[in-house]
Amino acid sequence: MTAKPLSESHATSDEFHRSYNNRTLRGHSRFGWMLEKWIGIPFNLIEKLISYLIVRPMNWLLRHLDGLSHKLEGTMLKTVLQHTIFPATIAAGLVIGFAVAESGASLQSIATLALLPVVIGMYVAPLERLLPYSRNWLEGGNDTSVDLMMFFSGALWNGFSKYLLSVFLLVNLVEAMEPYGHGLWPSQLPGVVQVFLFILIKDFFRYWYHRALHEVPFLWRFHAAHHSVKRLYWLNGIRSHPVEVIGQALLFALPFALLQPSAEIVMVAVLMQLTIGIFQHANIDLKLGFWEYIFSIGDNHRYHHYPDKGVGDSNYGGEFIVYDILFGTFHKVKGERPHDNIGIGTAPNYPMTMAGLYIAPFLPDQKIWGPHQTAQVNSTDRANKNNMLADI
C-alpha cells in the first residue's frame, strides 16, 4: 500500500509554538486556565490522591523491570516475544471471552468495570516496561491519574447515553426493529466468525464517525481531548470527551438495532475490542508484520497521533484497518518506524487535567488550533526523530 505523502511545512515547529503561545497568553491562559483551576479543584484533588496511592507505587514497582529490559536487547527471546505476544493475546482473549460469556457475567456491573483496568494493567504495563517502543513514553506526568478518572467517567457517560436513547424514543424504535434483526443475523456461523463480523460491521460506522471527528472543525474540538496525550500507553486509549462518548452511543444505536446477535456474541465482541484496543495504544515494540494490514494497531495508530495533521489524519479504524485501505486514508511508510513526538501540533499547551479536558472545547480561543491549521514537523525534525527512534 502506497503511503500518503507528507504535507510540506510552511513554518517550523518552534516558530509556530512561539506564535501560538503569544496568543494563548492573552486568551486561554487568562480565562480557560482560571476556569479550569476553580472548577477543577475537586478533580485535581482526586488526581493527586490517585497519583500518590496508585500511580507512584505502580511506577516504582515497574522500574525494577528496567534492568531486565536492557538485558533482553538483541536476544532471541525478545524477537520471539515481539512476534508472538499479539496473536497469543488474541487467541487467549477469544477463549476467555467465550468462557466469561458462558458463565453469564456482565461487563455492565460496577465490580467488573473496576476490575478491568486492574487486570489489563497487570498484563500490559510490565510488557511495556520490558519491551518499550519508546522509553520516553514509560512514565508521564499526571496522565495516568487523569486516564483512570476518564475510564470511570466514560462508563458514567455511556450510562447517560442510554437515558438519552430513551428520551429520544430510540429505544422504542430499536425494539420495533428487533424482530427483523434476528432474522438478518447469521447465527448459524461459527461463534468466532460472528464475533469478528460484529466488530467489522461496528467498525464501519466507527470509521466514518472517527473521520468526521477529525475533518469537521466543530467535532474536532471534542476529539482533540483524545489527541492531547504526549505519549501512548495502554490506558489512554479511553481518553474521550463526554460529548464524543454520547455522540458515538447515539450514532451506533440504530445500525446495531438490525444486527441483534446473541448476548454471548456481543459479550465476546466487547472483550475482543478491549483486547485489540490494548495494542492500539500500548507502548510495546512488537513485530506485527501482516497484522498491521488487518488491525488498527501498532505503528498505524502511532502515525494517527502525529502532531502533523498531514500524517495524523489517517488510520481511523477502531479495531480493523480495512476501511482505511478501502477509502484511501491508510498511512504506513515501508521501512520506517514512527517517531515518538505526538500530540496536537496546533495546541502544544492543551489542558492536561480532567477538568481542563472537559472545558477546553467550549473555550472561544479554540479556533487557534482548528483541524485545518497544521503545525507540521519539518523534514529535518522528522529525520532527527526517526534517527532517534532507531536508537530506542
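What volume does the second largest cavity have? In this predicted model, the second largest cavity has a volume of about 60 Å³.

Figure 1. By class, the lining of the second largest cavity comprises 4 nonpolar, 6 polar and 2 charged residues.

**Figure 2. The largest cavity and its lining.** The structure holds 3 cavities of 30 Å³ or more, and the volume of the largest is about 110 Å³. Among the residues that line the largest cavity are Met58, Asn59 and Leu62, as well as Ala125, Glu128 and Arg129. Helix H3 (41-62) and helix H6 (110-130) each contribute at least two residues to the lining of the largest cavity. By class, this lining contains 7 nonpolar, 2 polar and 3 charged residues.

**Figure 3. Packing of helix H5 against helix H12.** The axes of H5 and helix H12 (residues 263-281) come within 9 Å and cross at roughly 155°. An angle over 145 degrees counts as roughly antiparallel, and H5 and H12 are therefore roughly antiparallel to each other. The crossing of H5 and H12 is right-handed. On the H5 side, the residues in contact are Ile85, Phe86, Thr89, Ile90, Gly93, Leu94, Gly97, Phe98, Val100 and Ala101. They meet Glu264, Ile265, Met267, Val268, Leu271, Met272, Thr275, Ile276 and Phe279 in H12. The contact of H5 with H12 is made up of 14 nonpolar, 4 polar and 1 charged residues.

**Figure 4. Packing of helix H5 against helix H9.** Helix H5 (residues 76-103) and helix H9 (residues 191-215) pack with their axes 12 Å apart, at an angle of about 105°. Angles of 65 to 115 degrees count as roughly perpendicular, and H5 and H9 are therefore roughly perpendicular to each other. From H5, Ile90, Leu94 and Phe98 meet Gly191, Val192, Val195 and Phe196 of H9. This contact has 6 nonpolar residues, 1 polar residue and no charged residues.

**Figure 5. Packing of helix H9 against helix H12.** The axes of H9 and H12 lie 9 Å apart, and the two helices pack at an angle of about 65°. H9 passes H12 in a right-handed crossing. Gly191, Gln194, Val195, Phe196, Phe198, Ile199 and Lys202 are the H9 residues in contact. Their partners in H12 are Ile265, Val266, Val268, Ala269, Met272 and Gln273. By class, the contact of H9 with H12 has 9 nonpolar, 3 polar and 1 charged residues.

Methods: Residues numbered from 1 in each chain as written. Predicted model: local features only at pLDDT ≥ 70, side-chain atom pairs only at ≥ 80, totals over all residues. Heavy atoms only, no water. Axes fitted to C-alpha atoms, helices over the stretch in contact; angles between N-to-C directions. Helix = DSSP H or I, 4+ residues; strand = E, 2+ residues; numbered from the N terminus. Parallel < 35°, antiparallel > 145°, perpendicular 65-115°, else oblique. Contact = heavy atoms within 4.5 Å. Nonpolar A, V, L, I, M, F, W, Y, C, P; charged D, E, K, R; others polar. 1 Å grid on protein atoms, 1.4 Å probe; cavity = no way out; pocket = protein on both sides within 12 Å on 5 of 7 lines; lining within 4 Å. Points joined across faces, edges and corners; volume = space filled by probe spheres on them. Left-handed = near helix turned anticlockwise from the far one by under 90°.
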